[in-house]
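Trainee: I would like to learn how to read a structure. Could we take it feature by feature?

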Amino acid sequence: MKQGPHSASAWADAAVIVPWTMYLMYGDTAILERQYDSMRKWIEFMREHSEDYIWNYKLQLGDWVALDAEEGSFFGATPTDLTSTAYFAYSTGLFARIAGILKKDEAAEYEDLYGHIVKKFQDTFFDGNGSLKAQTQTAHIVALYFGLVPEGRTEQTVNGLKRLLDKEDGHLVTGFIGTPYFCHALSRNGCLKEAYDLLLKEDYPSWLYQVKMGATTIWEHWDGIKPDGTMWSPGMNSFNHYAYGAIGEWMYRVMAGIETDEAAITGAGFKHAVIWPRMGGGLSYTDARHKTIYGTIRVRWEMEGNRISLLADIPANTGAAIRLDRAQRVVEDDGLCFRPGDGFMEAEAGSGTYRIVFEI
């Protein structure tokens, strides 16, 4: 059925998220300059079709194929006005940052718009006690990951997410919107163990369930192939789909701890990196490489007992802040000087190879 001009949130927000992510990865503002007008048009389209900053225009797919959907439905239980407004805020916030890089005279307008959307989200979707009205995993995930939780209510929201996770015996029931950010929402908020537990689940629904069923790519549905070998459906059942594969980003950014430094004076693109691996899950080692425009960053950590050996390769003509959790005691530092940070210890390192040994 023809609906006229229309795009669904999350999917269409690629108009802003993709150029921003490419800028972070490569440090080249050309992609932002080329896409600036189209990004602004998407923000203005959402503003035009929102009602008092709530964006829920026409058909929205929401948390697509989430397992908390009603029987026979592809639409997850998280209300689409919540997910759509969350993305309205997220994309507007990113665009305000982009305007601050390219067109500072326009940044204030979109910072103001962002503030109005966030306030409306909080007033609409949180009750007077600071709890989310939508008691779904995805509602809590997007509120946490997109920075939409009211001041002073983060711990309450995290506890709510943990409670919903426990309700499912530690399993996710999220769809296309909630799943990519689930482990981030946990690990950013003091729940690294829960994030690893989620990653390493082997029974349905989980990533490793698919692996155990013979998958070599990520499926569109958590049960694209059922335990008895039958298919979820002969139609709309992709076995090479993007959404749930987003867990790979968490593995690079958190398990290996390879991150570009958005706040660096030198800008994005790994000219200055942050190396902050978070160990867990009973894993004995992680070894990761990321090819940047300056060369390959490699991070390998190996655990033996309570001692961890960390190897970091930093490309020529770049630098990195190497971070360790505050609870870790450095035994060998390869000449680095670790100083206390906000919840971590940090040492500045130039290009080269470093070996740090610490105990937990």
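**Salt bridges and a helix pair**

Mentor: Lys 226 and Asp 223 join their side chains in a salt bridge, 3.2 Å from N to O. A salt bridge here is a side-chain nitrogen of Lys or Arg within 4 Å of a carboxyl oxygen of Asp or Glu. This is a predicted model, in which local features need pLDDT of at least 70 and side-chain atom pairs count only at pLDDT 80 or more, while totals for chains, interfaces and linings use all residues. Residues are numbered from 1 along each chain as its sequence is written, and side-chain values use heavy atoms, with hydrogens and water left out.

Trainee: Is Asp 223 buried or exposed?

Mentor: Buried means under 20% relative accessible area, exposed over 50%, and partly exposed in between, with a 1.4 Å probe and protein chains only. Asp 223 has 10% relative accessibility, so Asp 223 counts as buried. Lys 226, at 28%, is partly exposed.

Trainee: How many salt bridges does the structure hold?

Mentor: Side chains of opposite charge can pair when their charged atoms come close. The structure holds 21 salt bridges. One of them joins Lys 119 to Asp 123, with the closest N and O atoms 2.7 Å apart.

Trainee: Why are Lys 119 and Asp 123 separated by about one helical turn?

Mentor: Because they are four residues apart in helix H4 (residues 104–125). Helices (H or I, at least four residues) and strands (E, at least two) are DSSP runs, numbered from the N terminus. Lys 193 and Asp 197 are also four residues apart, about one turn, in helix H8 (residues 192–199). Their side chains form a salt bridge of 2.7 Å, N to O. Lys 193 is exposed at 58%, and Asp 197 is partly exposed at 37%.

Trainee: Which residues are linked in a network of salt bridges?

Mentor: Asp 287, Arg 289, Arg 298, Arg 300 and Glu 302 are.

Trainee: What describes two packed helices?

Mentor: The angle between their axes and the distance between the axes. The axes of helix H2 (residues 30–48) and helix H3 (residues 80–102) come within 10 Å and cross at roughly 145°. Axes are lines fitted to C-alpha atoms, for helices over the stretch in contact (heavy atoms within 4.5 Å). Angles run from 0 to 180 degrees between N-to-C directions. Residues making the contact include Tyr 36 and Trp 42 of H2 and Phe 88 and Phe 95 of H3.
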